[in-house]
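Trainee: I would like a close look at one helix and what surrounds it. Please take it step by step.

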Amino acid sequence: MIRFRFGLTPVHDIQPWGGDTPSLSWFSLTDGWYDIEVDDRHLFRHAAGGTSVDYYVVRLWEDVLDVLPQALEPVPADLVPFVAGDHTQWLPADRPDTEAAAAWYGQHALDTGYLRTAPHIRWWRTTAASGDDLMTVTWTPDPDSDHDGAAGRVTLPTPDFVAAVTALHHDLLAAMEERVTALEATGPPPGVHIDLPHLRHEQRDRGAWLGRALERACDTDWAAVRAGARLLVPPPPP
């Protein structure tokens, strides 16, 4: 029900960074396109031309891993309405407790602020005594964009979500392993500098990022979040 899709630009077509000494790094070598497919919906696909995001794929990968610990922390039942609600409906408030609640709410969103227009994507986990362990994924298109489709929400088993993130990690690292190995054999493109020993070091290091993200524990102050949520969410009508 969810899949992270991408493709890499051929190395000889990637624009190097820098002026007098053009160079390519591990980051810039991930130049390509990416999309998130959820329930047969393409969240980053533009209505005109059917194209997805043209950017460095590593940004999607980094941002997904960055939000992963918070996304996988089960949300207490009493806070589900808050995390699932619309932040544009919050009451104005400026206190430490509201800051804690607002920050916790924001930690469940994928960072897409570096894109000119992008959907607002959020996810959170819920568990139940019955054994249900579910991830909820929501998305809202940017009002100024031409992305295909409308807002939506799906729920899927948490293991399926983790499997999709794991596939993104393994597929990107495998594609970059092939790219790094080829560059070690052929050397950089003419006129382009690549620090090949550092490239290999970064390839090894980034291979451990998923494990670190899965092991990273959250330190949520639930009392502060609950207090802030009560101040931010308007009371129900009488």
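Mentor: Contact here means heavy atoms within 4.5 Å. The model is a predicted one, and the part to look at is helix 1, which spans residues 57-72.

Arg59 belongs to helix 1, and its relative accessibility is 16%. Buried means under 20% relative accessible area, so Arg59 counts as buried. Setting aside residues up to four places away in sequence, Arg59 touches Phe27, Asp111 and Tyr114.

Next comes the packing of the helix against another one. Two packed helices are described by the angle between their axes and the distance between the axes. For helix 1 and helix 4 (residues 158-186), the angle is about 150° and the axes lie 11 Å apart. Helix 1 is therefore roughly antiparallel to helix 4, since angles over 145 degrees count as such. The crossing of helix 1 with helix 4 is left-handed.

The residues at this contact can be named. From helix 1 come Val57, Val58, Trp61, Val64, Leu65, Leu68 and Leu72. From helix 4 come Thr158, Phe161, Val162, Val165, Leu168, His169, Leu172 and Leu173. By type, the residues of this contact divide into 13 nonpolar and 2 polar, with no charged ones.

Gly32, in strand 2 (residues 31-38), has Val57 among its contacts once neighbours within four places in sequence are left aside. Gly7, Leu8, Thr9, Val53, Asp54 and Tyr55 are also in contact with Gly32. Gly32 and Asp54 are 22 residues apart along the chain, and their C-alpha atoms are separated by 5.7 Å. With a relative accessible area of 8%, Gly32 is buried.

Two other parts can be set beside this one. Strand 5 (residues 120-127) and strand 6 (residues 133-140) run antiparallel and are joined by 8 bridges. Arg122 has Thr138 of strand 6 as its bridge partner. The two strands form a hairpin with 5 residues between them, and Gly131 in the turn has a positive phi of about 105°.

The other part is helix 7 (residues 222-232), where Ala224, Val225, Ala227, Gly228, Ala229 and Leu232 are buried. Helix 2 (80-83) and helix 3 (96-106) are included in what covers the buried residues of helix 7.

Definitions and conventions:
Residues numbered from 1 in each chain as written. Predicted model: local features only at pLDDT ≥ 70, side-chain atom pairs only at ≥ 80, totals over all residues. Heavy atoms only, no water. Helix = DSSP H or I, 4+ residues; strand = E, 2+ residues; numbered from the N terminus. Buried < 20%, exposed > 50% of the residue type's maximum accessible area, 1.4 Å probe, protein only. Pairing = 2+ DSSP bridges. Axes fitted to C-alpha atoms, helices over the stretch in contact; angles between N-to-C directions. Parallel < 35°, antiparallel > 145°, perpendicular 65-115°, else oblique. Left-handed = near helix turned anticlockwise from the far one by under 90°. Nonpolar A, V, L, I, M, F, W, Y, C, P; charged D, E, K, R; others polar.
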